[in-house]
Amino acid sequence: MSAPSLDRPTAPDEKALQDQFDATLAADHRIEPRDWMPEGYRKTLIRQVAQHAHSEIIGMQPEGDWLLAAPSLRRKAVLLAKVQDEAGHGLYLYSAAETLGADRADLTDKLIEGTQKYSSIFNYPTLTYADVGVIGWLVDGAAICNQVPLCRSSYGPYARAMIRVCKEESFHQRQGYELLMTMMRGTDEQRAMVQDAVDRWWWPSLMMFGPPDDDSPNTAQSMAWGIKRHTNDELRQRFVDMSVPQAEVLGVTLPDPELCYDAATGHHRFGQLDWDEFKRVIAGDGPMNAVRIARRRAARDDNAWVVEAATAYAEKHGA
Ligand code: FAQ
């Protein structure tokens, strides 16, 4: 038997690495970029974090459409700050994806080509200013419900990004609710605008949580890896329970005749979601998919010269 070489450490074998990874998860510690991780874990995280980042960036468009038509300087300043926050969330998330070895330009290309998804919710139009309030209340509300548990996600950079994102989303939700409260104290026409916006956004908001658990191919493995902490249906239920009393205070009706409180379970029962619509929207055939992607493509192509100039400048300075 030859003596082990002192200057060439032997690489730990795959089983030892897997054991260490499993032990880190079992102890509820975080996996960090320097750590070994199974390829499936890395790929799943890149998929989810990239989809999340794309959602933040595409999610700037529905509200961004109202920046020039905000009804007062105050509303314009608030909306501008919110849309800028969403850009910031996208940047944290793309950075988190880069720590996993992804390339940001490549992720943007995949979004534009349609090989990576973004949230279904941003494929619906914002028809009136009440939609801005309802996005804050329901869409940010659903995002918070989904993302607060992700602050405990097993991948360190993603979990840490979520802490700041959630703090900002809470602020976004309050501004939406405050806007709706103001409109509900206004004229009959304003109240009708709020109700109409709630009618259009309620069901798509419930779809944000993803397909039902028995039709969700990724949930079981993502939960085993601690990437997700709750199933899609658990979070959807939590969101419904949270929203019903808020709707009552606001004075709007949620558009679901089957919605009722079930004293036996302590939860609200709700009607069937239109999963065919969900599938159409995520396959690219929602009301605004083509517009959303065309704008993102134009932003990439029209600004390519800025990237080229910045790269040339950095290279010149590096040299
Ligand atoms: N839309 O097996 P699952 C925001 C896809 S941020 C489109 O259940 P998973 C902030 C899914 O990717 C909103 N696609 O998947 C804001 C998978 O397809 P793939 C975004 C969806 O990953 C507010 C397939 O269906 N939030 O709103 C959707 O375990 C206001 C099978 O599904 C996040 O991304 C959907 N709704 O669970 C900005 C949070 N649902 O990739 C502006 C992080 C599912 O295999 C204004 N993500 N799919 O081709 C997650 O928690 C999870 O990824 C889920 C989906 C829960 C979204």
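Biologist: Which residues does Thr-108 touch, leaving aside those up to four places away in sequence?

Modeller: In this predicted model, Thr-108 touches His-54, Arg-296 and Arg-300. Thr-108 lies in helix H5.

Biologist: Does Thr-108 count as buried or exposed?

Modeller: Buried means under 20% relative accessible area. Thr-108 has 9% relative accessibility and therefore counts as buried.

Biologist: How are two packed helices described?

Modeller: One gives the angle between their axes and the distance between the axes. Here, the axes of helix H7 (residues 156–184) and helix H8 (residues 188–207) come within 8 Å and cross at roughly 140°. H7 and H8 are therefore oblique to each other. On the H7 side, the contact is made by Leu-180, Met-183 and Met-184, and on the H8 side by Gln-190, Arg-191, Met-193 and Val-194. By class, this contact of H7 with H8 has 5 nonpolar, 1 polar and 1 charged residues.

Biologist: Which residues have the most contacts inside the largest nonpolar core?

Modeller: That core has 49 residues, and those with the most contacts inside it are Trp-137, Val-194, Trp-201, Trp-202, Phe-239 and Val-252. Among the elements that give two or more residues to this core are H7, H8 and helix H10 (232–250). H6 gives the most, with 10 residues.

Biologist: What does Val-194 touch, not counting residues up to four places away in sequence?

Modeller: Val-194 touches Ala-130, Val-134, Leu-180, Met-183, Met-184 and Val-252. A second, separate core of 25 residues includes Phe-21, Leu-25, Leu-100 and Leu-150.

How values were computed. Residues numbered from 1 in each chain as written. Predicted model: local features only at pLDDT ≥ 70, side-chain atom pairs only at ≥ 80, totals over all residues. Heavy atoms only, no water. Axes fitted to C-alpha atoms, helices over the stretch in contact; angles between N-to-C directions. Helix = DSSP H or I, 4+ residues; strand = E, 2+ residues; numbered from the N terminus. Parallel < 35°, antiparallel > 145°, perpendicular 65-115°, else oblique. Contact = heavy atoms within 4.5 Å. Nonpolar A, V, L, I, M, F, W, Y, C, P; charged D, E, K, R; others polar. Core = buried A, V, L, I, M, F, W, Y, C linked by side-chain atoms within 4.5 Å. Buried < 20%, exposed > 50% of the residue type's maximum accessible area, 1.4 Å probe, protein only.
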